[in-house]
Protein chains: 2
Amino acid sequence: MNDAALDDDLPATTLADPGEVGLVEPRDFTSAEPFACDDGRVLPAFTLRYETYGRLNAARDNAVLVCHALSGDHHCAGIHSLADKKPGWWNNLIGPGKAVDTNHHFVICANVLGGCQGSTGPLSPDPATGRPYGLAFPAVTIRDMVRSQKRLLDHLGVKRLRCALGGSMGGMQALQWAIEYPDFCDKVLAMATTAREGAQAIAFNEVGRQAIMQDPDWNHGDYPKGGGPRVGLAIARMMAHITYLSDASMDRKFGRRTVKPRLPAAPAPALAEEAALAPGHAEPPPGTAAFDVSFEVQSYLRYQGQSFINRFDANTYLYITRAIDGFDLAASYGGTLEQAFAPVKARTLVVGFTSDWLFPPEQNREIVLALQRAGKHASYAELATDLGHDSFLLESPELYALVRAFLERD
Amino acid sequence: MNDAALDDDLPATTLADPGEVGLVEPRDFTSAEPFACDDGRVLPAFTLRYETYGRLNAARDNAVLVCHALSGDHHCAGIHSLADKKPGWWNNLIGPGKAVDTNHHFVICANVLGGCQGSTGPLSPDPATGRPYGLAFPAVTIRDMVRSQKRLLDHLGVKRLRCALGGSMGGMQALQWAIEYPDFCDKVLAMATTAREGAQAIAFNEVGRQAIMQDPDWNHGDYPKGGGPRVGLAIARMMAHITYLSDASMDRKFGRRTVKPRLPAAPAPALAEEAALAPGHAEPPPGTAAFDVSFEVQSYLRYQGQSFINRFDANTYLYITRAIDGFDLAASYGGTLEQAFAPVKARTLVVGFTSDWLFPPEQNREIVLALQRAGKHASYAELATDLGHDSFLLESPELYALVRAFLERD
């Protein structure tokens with residue numbers, strides 16, 4: 001596919017409803033120049049799948065780059081067909097008249113390098129063998145993701161980036177943008193993120209990777225597209241999903257509600273119709289106390305695991321969690337965060353959420369304190385929510401107002 | 001083995017050092033009477049493996065029952081041989097002159113019903129078939145555990161229980177003791193616990209169970225002793241272990257320290273000597289970016305997973321986590337906690353720990369508030385630690401002082 005962001009005859013989006021981005025189409029950008037990754041390996045070429053909303057202005061300086069999180073992709077707003085039931089993952093934030101206003105901004109979002117939604121990653125064919133890269137894919141870093149995005153922006157004719165914006169791993173990329181391309185990047189907005197992946201977060205990622213790598217279907221990463229360690233990937237996702245929520249939000253959403261009329265204190269034997277949700281195991285032997293779904297939260301988690309394996313690749317999960325675990329700005333740039341932030345010219349806004357225990361407020365605040373100590377324009381906002389890490393993705397008029405004001409401010 | 005707690009000629013313990021419980025020997029109590037479990041199934045007989053320290057006094061009213069947590073056992077103090085490097089799991093709290101003073105108290109600790117350390121559980125032979133119960137074992141509840149312990153105390157000649165004492169699932173048992181045996185139980189000391197397993201805690205248990213049940217070696221719980229789903233059980237343990245610690249303690253203990261001289265931001269390929277720690281997978285193919293240990297926390301978690309599978313049974317893990325998930329005192333006794341606590345006569349002390357995010361302080365405080373509303377003698381202490389849920393097991397002079405004072409007070 002060709003890019004047409006600058007082609008006035010080809011609208012970037014077709015609105016289905018006023019106030020919505022509407023119908024959008026993903027495009028592929030292929031960089032034919034070799035790309036040297038941080039681990040020393042060289043990709044002879046790579047592709048990024050991306051979407052754009054709004055139009056690049058004549059000065060080519062109204063672009064906003066949206067960076068996605070671990071399990072996200074390039075489809076952050078609009079719909080792909082009128083039959084789509086769910087719009088892109090940040091549709092609540094992005095659109096005409098919304099906080100990231102596509103009437104004013106040219107919004108770009110690309111699936112990360114190493115991803116599995118159309119960008120080059122471990123599932124892509126290795127030109128050396130014609131088979132999927134698997135573990136021969138380079139150990140991509142957050143910096144590699146950002147440097148590959150720069151090529152896309154150059155290709156699109158973007159002269160200056162009005163803002164790099166993202167939450168969680170998207171926030172890591174946004175911060176890396178400010179450091180790597182100080183003269184290109186006017187503003188950075190990072191939410192629910194960290195300047196340094198901590199031990200607990202690494203530990204959760206490690207358990208997820210183990211679940212994948214111990215699944216016999218992983219086979220050292222050598223499996224056909226659509227195959228692979230589905231059981232291990234579902235386990236990894238179920239666990240990670242808990243870390244995106246909060247105790248309070250889970251208690252409100254599920255509490256101890258059961259999937260059938262109230263069970264006694266001792267959970268009852270298997271519910272046959274729910275057993276179907278459990279991936280890959282057949283009916284329990286008759287007369288046994290099976291361990292099937294009793295509580296709504298169990299059914300919900302199993303559903304999360306199952307739907308994830310239908311849209312995500314296990315090797316990409318390994319690669320991206322490793323990129324996240326490797327993220328440590330201070331260590332990567334001289335030893336202190338102030339040193340890391342020394343080149344930054346962008347104005348920065350960091351938003352933490354009180355109930356986020358994966359990247360808690362302290363870790364978000366620390367970023368701003370270091371930027372301020374380094375003499376930069378940086379501000380911090382902390383939003384009181386009880387929705388956990390995922391707060392940045394959810395409906396929040398307070399967040400919308402912050403984002404809008406930050407993007408519109410000169 | 002026969003019990004000899006009342007036999008003056010056979011010392012319950014041999015001291016290896018003054019101030020220590022010293023050499024101890026586990027014993028087995030077998031109840032030959034049928035035992036009806038809460039799920040309606042009947043065990044024709046059952047065995048509890050237990051240890052005792054100190055002596056039962058003439059009035060037979062100085063017994064302290066220690067209740068263990070999910071992965072604990074009957075061996076809570078002393079050593080089994082002079083070659084033992086590690087004493088029982090609560091040796092810091094229990095011994096002559098210690099907070100639970102075996103010079104004054106007759107301390108009893110039994111592996112729970114459903115356990116795998118000598119008590120009757122899914123690994124035990126089903127008299128009906130001669131093969132391990134597996135999933136034919138009853139769906140034991142916390143109440144079943146407590147009712148089976150009562151038979152042991154009766155057998156030992158205990159006339160009154162001075163205190164039922166435990167943390168985490170041990171705290172649940174202690175609370176259940178106060179409700180089920182109000183005229184037998186003088187005091188209850190529950191730590192780092194809850195009156196009602198919440199959605200987040202159920203969710204983590206569910207992921208652990210899925211990891212076990214999706215392991216092909218689980219085979220619906222039908223596996224020989226020593227076999228079974230080792231990979232799944234290790235995954236479950238690694239994940240659960242994170243919930244026992246805190247972000248702060250993990251950061252202090254491991255931070256981002258690597259197992260080799262500092263790695264670049266992008267983790268380096270496999271370290272061959274560490275790969276041995278990864279359960280069950282062979283050398284990565286040459287020339288690939290393997291996903292082996294980079295950070296100390298990864299190595300630590302893998303070790304935790306591996307050592308657990310050598311001492312624990314996967315079906316017991318399923319059964320005990322289900323008993324925990326089923327724990328909801330209010331729902332089990334009429335609808336409110338005040339109703340549940342109505343029969344209680346014991347004085348109660350509940351201890352919460354500020355950094356415990358598995359059973360956070362609020363959940364501990366809620367128990368005491370309900371007891372107080374029900375007109376009971378109940379007090380709450382909150383200890384400031386940053387060691388997470390496991391705080392109750394760790395060295396803490398503050399905790400020792402609280403426990404000592406509570407046990408000695410009339």
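Chain A contains 12 helices and 12 strands. Helices (H or I, at least four residues) and strands (E, at least two) are DSSP runs, numbered from the N terminus. The model is predicted: local features need pLDDT of at least 70 and side-chain atom pairs count only at pLDDT 80 or more, while totals for chains, interfaces and linings use all residues. Residues are numbered from 1 along each chain as its sequence is written, and chains are lettered from A and ligands numbered from 1 in the order in which they are written.

Of the 410 residues in chain A, 59% are buried. A residue is buried if 20 or more other C-beta atoms lie within 10 Å of its own, exposed if 12 or fewer, and partly exposed in between, with C-beta atoms placed from the backbone. Contacts are pairs of residues whose C-beta atoms, placed from the backbone, lie within 7 Å. Among the contacts in chain A with a separation of 6 or more, 71% join residues 24 or more positions apart.

C67(A) lies in strand β5 (residues 63-67) of chain A. C67(A) counts as buried because 30 C-beta neighbours fall inside 10 Å. Beyond its neighbours within four places in sequence, C67(A) contacts A164(A), L165(A), G166(A), G170(A), Q173(A) and A174(A). P182(A) is 115 residues from C67(A) in sequence, with 17 Å between the C-alpha atoms. In chain B, Q372(B) belongs to helix α11 (residues 361-373). Q372(B) is partly exposed, because 16 other C-beta atoms lie within 10 Å. A separation of 32 Å divides the C-alpha atoms of Q372(B) and A139(B), which are 233 residues apart along the chain.

Chain B superposes on chain A by a rotation of 180° with 0.0 Å of shift along its axis (RMSD 0.0 Å). This is the relation of a two-fold axis. The superposition is by least squares on the C-alpha atoms of residues with pLDDT of at least 70 in both copies. At the interface, 58 residues of chain B contact 58 residues of chain A. On the chain B side, the elements giving two or more residues are α3 (199-213), α4 (230-244), α5 (247-253), α7 (296-309), α8 (314-325) and α9 (329-332). Helix α3(B) gives the most, with 11 residues. The chain B side divides into 33 nonpolar, 14 polar and 11 charged residues. Here Ala, Val, Leu, Ile, Met, Phe, Trp, Tyr, Cys and Pro count as nonpolar, Asp, Glu, Lys and Arg as charged, and the others, Gly among them, as polar. The copies meet through the same surface, because 100% of the interface residues of chain B are also interface residues in chain A.

Helix packing was examined within chain A. Helix α4 (residues 230-244) of chain A packs on helix α7 (residues 296-309) of chain A at an angle of about 130°, with the axes 8 Å apart. The pair is therefore oblique. Axes are lines fitted to C-alpha atoms, for helices over the stretch in contact, and angles run from 0 to 180 degrees between N-to-C directions. Angles under 35 degrees count as roughly parallel, over 145 as roughly antiparallel, 65 to 115 as roughly perpendicular and the rest as oblique. From α4(A), the contact uses R230(A), L233(A), A234(A), I235(A), R237(A), M238(A) and H241(A); from α7(A), L301(A), Q304(A), G305(A), Q306(A), F308(A) and I309(A). By class, the contact residues are 7 nonpolar, 4 polar and 2 charged.

Definitions and conventions:
Contact = placed C-beta atoms within 7 Å.
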